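Here are a few notes to read beside the model. Keep the structure open and find each residue as it comes up.

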Amino acid sequence: MKFAIFGNTYQARKSSHAETLFKLLKKQGAEIYVCREFHNFLNSDLKLNVKADGLFDGNEFDADMVISIGGDGTFLKAASRVGNKGIPILGINTGRLGFLADVSPEEMETTFEEILNGNYTVEERSVLQLVCDDKRLQGSPFALNEIAVLKRDSSSMITIHTSINGKYLTTYQADGLIIATPTGSTAYSLSVGGPIMVPHSNTVAITPVAPHSLNVRPIVICDDWEITLDVESRSHNFLVAIDGSSETCKETTRLTIRRADYSIKVVKRFNHVFFDTLRSKMMWGADTRG
């Protein structure tokens, strides 16, 4: 099998398991291609002697499977590079337990044996696409987790006129608005009171950030519906964050958010169940009273 590997290039401890990963893959007779930035980090910063069959830049790669080693943030970056290639992604988590990267370093050997025997599943995760006339946002308009519209300065709220399929929904006065996929429902959206949505539920959550009115609540809609946002701001601009990567936008820019025409394929072990990860990550049932 041919693997393309992405990794965390900021925290050394999150990439220290990479050496084990490369040895395991070589033992299995796999072809290894590595993101050049990650390869340089491993060799220069961590002083690891990592040998690869080839290096690649950006999204100029092809493989049977992509491996992301780091956390969910590293997985999101890998997913943005994979884009519509249709290559399944395996997430190896080297930090705290993740929803996307949910294979621990201790499970790597068993996991690769299972993969080479075809003993795994692939989940399709929906992706959001932002359509607007801002050239900076057109460069990378796809989100696996969420698209967020946020106030730019620290003082005043923004006003977000929201329509669904051309029909007026409401006007939010808030610090921002998060449009999240089921995958992103356990990320930023959850931290501001958004609902948890199970993967494959074909839904999108619209969750306000610190709304002016306490009557305003998150709403879940079908993911094949189109959301239109017109934003007003006292400073005449606002932020648009696509999976955490933000750009400043002028208030005259109309934003249209819809489901992308491709999905991201996530590799899962047969024994990894979403509800198990949810219970563990959210510490449901744990007695924290001490």
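Predicted model: local features only at pLDDT ≥ 70, side-chain atom pairs only at ≥ 80, totals over all residues.

1. Setting aside neighbours within four places in sequence, L21 touches I5, I67, I69, I92, M108 and F112.

2. Now widen the view. L21 is among the residues with the most contacts inside the largest nonpolar core, which has 46 residues. I5, L25, F38, V66, I92 and F112 are also on that list. In soluble globular proteins, nonpolar side chains tend to be buried together.

3. Next, look at the backbone. Most residues other than glycine have a negative phi. N202 is not a glycine, yet its phi is positive, at about 55°. Find N202 in the loop between α7 (188-191) and β12 (203-209).

4. M283 also goes on the backbone list. Its phi is positive too, about 55°, and M283 is not a glycine. Look for M283 in the segment that follows α8 (274-282). Is M283 buried or exposed? M283 has a relative accessible area of 54%, so it counts as exposed; the cut-off for that is over 50%.

5. Finish on the surface. Which residues form a nonpolar patch there? They are V198, V273 and F275. Together they have about 250 Å² of accessible area. F275 is part of helix α8.

How values were computed: Residues numbered from 1 in each chain as written. Heavy atoms only, no water. Core = buried A, V, L, I, M, F, W, Y, C linked by side-chain atoms within 4.5 Å. Buried < 20%, exposed > 50% of the residue type's maximum accessible area, 1.4 Å probe, protein only. Contact = heavy atoms within 4.5 Å. Helix = DSSP H or I, 4+ residues; strand = E, 2+ residues; numbered from the N terminus. Patch = residues over 30% accessible without salt bridge, like charges linked within 9 Å, V, L, I, M, F, W, Y side chains within 5 Å. Areas by Shrake-Rupley, 256 points an atom, 1.4 Å probe, with all protein chains shown as cover. Salt bridge = Lys/Arg side-chain N within 4 Å of Asp/Glu carboxyl O.
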